[in-house]
Amino acid sequence: QVQLVESGGGLVQAGGSLRLSCTASGSISSINVMAWHRQAPGKQRELVARISSGASIAALNYGDSVKGRFTISRDSAKNTVYLQMNSLKPEDTAIYYCFANLLVGGEYWGQGTQVTVSS
């Protein structure tokens, strides 16, 4: 079992920045991929950014709409993954969810944090 707790959401003006954090607890030694997804009203949940680790290599993936503006990072010592969001746009408004999957199988989601970007 893994528990994920997000923080850092809020209201920001277009062009501004926010940093989201997701801290994992529980069976953290089995965590493989951590990611951020988002879901806007009336839309499907979509991948924002993903970071995986194998040995000493971290692989990063980003959704097309956030490339060049968002950066995902992972602090293994703190069991935390971050999402630095710059140049925010109103269309980035959504609930952002933290996600983790385990090497031994199993997927977990956080409760979500609201990000609202005003124009």
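**A buried serine, a disulfide and a buried arginine**

At 14% relative accessibility, Ser 21 counts as buried, because a residue is called buried when its relative accessible area is under 20%. The structure shown here is a predicted model, and in this model Ser 21 is part of strand β3, which covers residues 18-26. Leaving aside residues up to four places away in sequence, Ser 21 touches Val 5, Glu 6 and Ser 7, as well as Trp 36, Thr 80, Val 81 and Tyr 82.

We now turn to the cysteines. Cys 22 forms a disulfide with Cys 98, and their sulfur atoms are 2.0 Å apart. Cys 22 lies in strand β3 whereas Cys 98 lies in strand β9 (residues 94-102), so the pair ties together parts that are 76 residues apart in sequence. A disulfide is a covalent bond between the sulfur atoms of two cysteines. The link of Cys 22 and Cys 98 is left-handed, with -85 degrees about the S-S bond. Cys 22 is buried, with a relative accessible area of 0%, and Cys 98 is buried with a relative accessible area of 0% as well.

Another buried residue is Arg 38, with a relative accessibility of 5%, and this arginine lies in strand β4, residues 31-39. The side chain of Arg 38 makes a polar contact of 2.6 Å with the side chain of Glu 46, and a further polar contact, of 2.9 Å, joins the side chain of Arg 38 to that of Asp 92. Not counting residues up to four places away in sequence, Arg 38 touches a number of residues, among them Gln 44, Val 48, Phe 70 and Tyr 96. The C-alpha atoms of Arg 38 and Gly 112 are separated by 8.5 Å, although these residues are 74 residues apart along the chain.

Terms used:
Residues numbered from 1 in each chain as written. Predicted model: local features only at pLDDT ≥ 70, side-chain atom pairs only at ≥ 80, totals over all residues. Heavy atoms only, no water. Helix = DSSP H or I, 4+ residues; strand = E, 2+ residues; numbered from the N terminus. Buried < 20%, exposed > 50% of the residue type's maximum accessible area, 1.4 Å probe, protein only. Contact = heavy atoms within 4.5 Å. Polar contact = N/O pair within 3.5 Å; in protein donor to acceptor, adjacent residues only side chain to side chain. Disulfide = S-S within 2.5 Å.
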